[in-house]
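Please read the points below beside the sequence and the model. They take up charge pairs, the ligand surroundings and the domain contact in turn.

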Amino acid sequence: MNDFNPLVFSGVQPTGNLHLGNYLGAIRKFVALQQSHNCIYCVVDLHAITTWQDPTELMTSTREVTAAFLASGIDAKKHIVFNQSRVHQHSELAWIFNCIARMGWLSRMTQFKEKAGKDRENASVGLFSYPTLMAADILAYRATHVPVGDDQKQHLELTRDIAQKFNNDFSERIAELGVGVEMQVGDERVNGYFPLTEPLIEGPATRIMSLRDGSKKMSKSDPSDLSRINLTDDADLISKKIRKARTDPEALPSEPAGLEGRPEADNLVGIFAALNDISKEDVLAEHGGWQFSQFKPALADLAVEKLAPIAAEMRRISGDADYVDSVLSDGGARAGEIAERTLKDVRSIAGLLQG
Ligand code: AQP
């Protein structure tokens, strides 16, 4: 635990269709955390351009993710919603972190290996250094908690490594300037400028898998649209995708242990649990022994019931681009003030002369 004021930060990339994995793994948690924390939610357009994006589509997607945040229940007045590129301090801090992070640390990032694929020489430098920008997103606000899906766990560990190295490398300077905060690290109380941010990864939906292949995560970039439920899909399409979802021939077990070795069944039970805010145990207590021919229609009804109102609200909000832009601009101004306070300290800590 650290002694920083609790603050939640997270981001979503505007890289195409938002899907059920993004919603259950991230956005729905963002909504819940608003009750207990101050929250900053960011549409990370600078992350998106680490792979090629058509500029017009990028602007549309940025507004669409913002509309999804608002339609899901994020309160942009009480909390902060903005797009990353408006707050230049993210890029400035990312550069400083590029000089803190080690090549070896970034070389171990599995997401880079997956996204770059075999043609690594041709990947952008930005894709390689993506995790240092993510660390900057979080630490520009000295955020203490980050709700994310399971796939981001390694990046969060890197964020902690960067924070710790910065705190160690500049410990004397931080103490001299009196800008540190006392925090617990292992058995010790230490003084540091950046918190060691905690990931919030829990519940039945930390990794929603593809509907076509239970070994792959549901993803925006999967070429098969049948692999994912998009937040904009209508009721018929949601039902069709669930009907066509790959399963095995067995009935559902009555306890979670019976889902072992059955990734597709496990995934559908996890989705049902997450949509209903109950555990997998509860789902199986009620539906154990059911064939998929019975369970899939029940899941489709539930998914439509939960997602249709969000899709309708998203369409309504997306239709008013001026309103969406005003939310982002207001959020960007408020985020920029906080980030600038951090950067002022960081420039002094690092010895970068100003003014
Ligand atoms: N399948 C998933 N299950 C649970 N959570 C997920 N997230 C993504 N996929 C799943 C979480 O959604 C948040 C936003 O993700 P992102 O758009 O910033 O990046 P991503 O993880 O790269 O998302 P995609 O959909 O998989 O995009 P592509 O195909 O471009 O790689 C994050 O918190 C993420 O964990």
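**Notes on the model**

1. The count comes to 19 salt bridges, where a salt bridge is a side-chain nitrogen of Lys or Arg within 4 Å of a carboxyl oxygen of Asp or Glu. This is a predicted model, in which local features need pLDDT of at least 70 and side-chain atom pairs count only at pLDDT 80 or more, while totals for chains, interfaces and linings use all residues. Residues are numbered from 1 along each chain as its sequence is written, and side-chain values use heavy atoms, with hydrogens and water left out.

2. One of the salt bridges joins Lys 217 to Asp 151, with the closest N and O atoms 2.9 Å apart. This pair links distant parts of the chain, 66 residues apart, since Lys 217 lies in the loop between β7 (198-200) and α10 (235-244) and Asp 151 in the loop between β4 (145-147) and α8 (153-169); helices (H or I, at least four residues) and strands (E, at least two) are DSSP runs, numbered from the N terminus.

3. Asp 151 and Lys 217 also belong, with Ser 219, Lys 220 and Ser 221, to the residues that come nearest to the ligand out of the 21 around it, a residue being near if one of its heavy atoms lies within 4 Å. A polar side-chain atom of Lys 217 lies 2.6 Å from an oxygen atom of the ligand; for His 19 the corresponding distance is 2.7 Å, and for Asn 22 it is 3.2 Å.

4. The protein chain is divided into domain 1 (7-204 + 321-350) and domain 2 (225-317), with bounds that come from an automatic or database domain assignment. To their contact (heavy atoms within 4.5 Å), domain 1 gives 16 residues and domain 2 gives 19 residues.

5. Between them, domain 1 and domain 2 bury about 1500 Å², with 73% of it on carbon and sulfur atoms; buried area is the accessible area (1.4 Å probe) that two parts lose on being put together, summed over both. Of the area that domain 1 buries against domain 2, Leu 20, Ala 71 and Pro 204 supply 35%, more than any other three residues.

6. How many salt bridges are counted between domain 1 and domain 2? The count is one, and the side chains of Asp 277 and Arg 28 meet in a salt bridge at 4.0 Å, N to O. On the side of domain 1 that touches domain 2, the elements giving two or more residues are α1 (20-33), α3 (55-72) and α14 (321-350), and α3 provides the largest share, six residues.

How values were computed: Polar contact = N/O pair within 3.5 Å; in protein donor to acceptor, adjacent residues only side chain to side chain.
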